[in-house]
Amino acid sequence: MKKSIIVVCFLFVATVSNNVFGQSRIGFTLNQISNEFTKKEFPDQGIAPNRHGGGYYMFLKTWAGDVIYFADEDSICTRCVLIPSSDSSFTHFIQVFNKKSEIIDNRTWVSTYPPTGLTTSIKIIEDDLEGYNSKCGSYFEFKPLN
């Protein structure tokens, strides 16, 4: 019984992790992204004006890390940042990207999201995001290749 509970929990975590972090949702509106992640499942989320670069941003806090979606003035996501919550989360995301994306080098991947056909680069940035301290000193940045 205990083993089956552990297996079910693992499968749930793997599914949620791949759903949240498997795509950057570039090209989607912030409302579309927000509607995808219910407040019940992800209560720590919100949309606010981006004081640093114009447009808007949306944050989403999860067990494995924080996601920030940056959008233009039309509320279309143009960039995404994933800040792992720990070194083990950081390693987990590298494994997910290695499995689901084309590896360019040990710090860069390329991924195409089938529903939109948009090709995105995923890069490891070894720095703390301005105003945001990463627990592992690095974060992932998703940007369109076009």
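Helices (H or I, at least four residues) and strands (E, at least two) are DSSP runs, numbered from the N terminus. Keep that in mind as you open the viewer. What you see is a predicted model, in which local features need pLDDT of at least 70 and side-chain atom pairs count only at pLDDT 80 or more, while totals for chains, interfaces and linings use all residues. Residues are numbered from 1 along each chain as its sequence is written, and side-chain values use heavy atoms, with hydrogens and water left out.

**Stop 1**

Select Gly65, which is found in strand β3. Is Gly65 buried or exposed? Gly65 has 0% relative accessibility, so it counts as buried; buried means under 20% relative accessible area, exposed over 50%, and partly exposed in between, with a 1.4 Å probe and protein chains only.

Asp66 counts as buried because its relative accessibility is 15%.

**Stop 2: a hairpin**

Colour strand β1 (residues 45-49) and strand β2 (residues 56-61), which run antiparallel and are joined by 5 bridges. Two strands pair if DSSP finds at least two bridges between them. Find Gly46 and look across to Phe59 in β2, which stands opposite. β1 and β2 form a hairpin with 6 residues between them, and in the turn Gly54 has a positive phi of about 75°.

**Stop 3: the aromatic rings**

Rings of Phe, Tyr and Trp (its six-membered ring) pair if their centres lie within 6.5 Å; planes under 30 degrees apart count as stacked, over 60 as edge-to-face and the rest as tilted. By this rule there are 6 aromatic pairs. Select Phe97 and Trp109: their ring centres are 5.4 Å apart and their planes are at 55°, so this pair is tilted. Phe97 lies in helix α3 (residues 87-100) and Trp109 in strand β6 (residues 108-113), so the pair ties together parts that are 12 residues apart in sequence.

Trp109 and Phe140 form another tilted pair, 6.2 Å centre to centre with 55° between the planes. Here Trp109 in strand β6 is linked to Phe140 in strand β8 (residues 139-144), 31 residues apart. To see the whole group, select Phe90, Phe93, Phe97, Trp109, Phe140 and Phe142, which form one aromatic cluster.

**Stop 4: the nonpolar core**

A nonpolar core is a set of buried Ala, Val, Leu, Ile, Met, Phe, Trp, Tyr and Cys residues joined through side-chain atoms within 4.5 Å. The largest one has 27 residues, of which Ile33, Tyr69, Leu82, Phe97, Phe140 and Phe142 touch the most other members. Which element gives the largest share of this core? That is α3, with 4 residues.

**Last stop: a charge over a ring**

Finish at Arg79, whose charged end sits over the ring of Phe70, 4.7 Å from its centre. The rule is that NZ of Lys or CZ of Arg is within 6 Å of the ring centre and within 35 degrees of the ring normal.
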